[in-house]
Amino acid sequence: MDIVVTIKEIKGACPTYKVGDSFVLKAGYQLVSDVPVCMHGLAALMPYYNALRVSEPAAWGLAGKADKSKAYVQCPDPSCHTGGGTVIFEISTVEASD
């Protein structure tokens with residue numbers, strides 16, 4: 001399984017992402033992206049990315065309200081205090097592509 005991470009929402013002004021940007025974690029560890037990837041946001045994904053390849057988001061308390069097959073996490077930037085942007089990541093799995 002591959003993990004697809006899509007930028008779902010931005011609270012404030014993120015200097016790296018725009019809504020709809022995405023990147024892929026192939027085979028659970030190979031980062032593939034046509035857009036820059038923020039290390040702060042990547043750190044927010046680190047505790048979950050491998051577990052989400054093999055288990056349901058609800059098992060980790062990350063399931064979406066409308067679509068339980070997708071997980072949601074946010075970057076650690078507290079935009080209301082820093083003037084930056086808090087990014088909401090939507091995480092889904094897809095069959096591995098070659």
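These questions and answers concern the salt bridges and strand pairing of a predicted model.

In this predicted model, local features need pLDDT of at least 70 and side-chain atom pairs count only at pLDDT 80 or more, while totals for chains, interfaces and linings use all residues. Residues are numbered from 1 along each chain as its sequence is written, and side-chain values use heavy atoms, with hydrogens and water left out.

Colleague: How many salt bridges does a search of the whole structure find?

Modeller: A salt bridge here is a side-chain nitrogen of Lys or Arg within 4 Å of a carboxyl oxygen of Asp or Glu. Searching the whole structure on that basis gives a total of 4.

Colleague: Which strands hold Lys8 and Glu90, whose side chains meet in a salt bridge?

Modeller: The N to O distance of this pair is 3.8 Å. Helices (H or I, at least four residues) and strands (E, at least two) are DSSP runs, numbered from the N terminus. The pair ties together parts that are 82 residues apart in sequence, because Lys8 lies in strand S1 (residues 2–12) and Glu90 in strand S5 (residues 85–94).

Colleague: Is Glu90 buried or exposed?

Modeller: Buried means under 20% relative accessible area, exposed over 50%, and partly exposed in between (1.4 Å probe, protein chains only). Lys8, at 45%, counts as partly exposed. Glu90 has a relative accessible area of 10%, so this residue is buried.

Colleague: Which residues are linked with Glu90 in a network of salt bridges?

Modeller: Glu90 also meets Lys70 in a salt bridge, at 3.7 Å from N to O. That pair links distant parts of the chain, 20 residues apart, with Lys70 in the loop between helix H2 (51–54) and strand S4 (71–74). Lys70 is partly exposed, at 24%. The network joins Glu90 with Lys8 and Lys70.

Colleague: How many of the residues of S5 are buried?

Modeller: Glu90, in S5, is itself buried. S5 is largely enclosed by the rest of the structure, because the buried residues number 8 of the 10.

Colleague: How many bridges join S1 to S5?

Modeller: Two strands pair if DSSP finds at least two bridges between them. Ile3 stands opposite Thr93 in S5. S1 and S5 run antiparallel, and the bridges joining them number 10.

Colleague: What is the bridge partner of Tyr72 in S5?

Modeller: S4 and S5 pair in the antiparallel sense, over 4 bridges. Tyr72 has as its bridge partner in S5 the residue Glu90.
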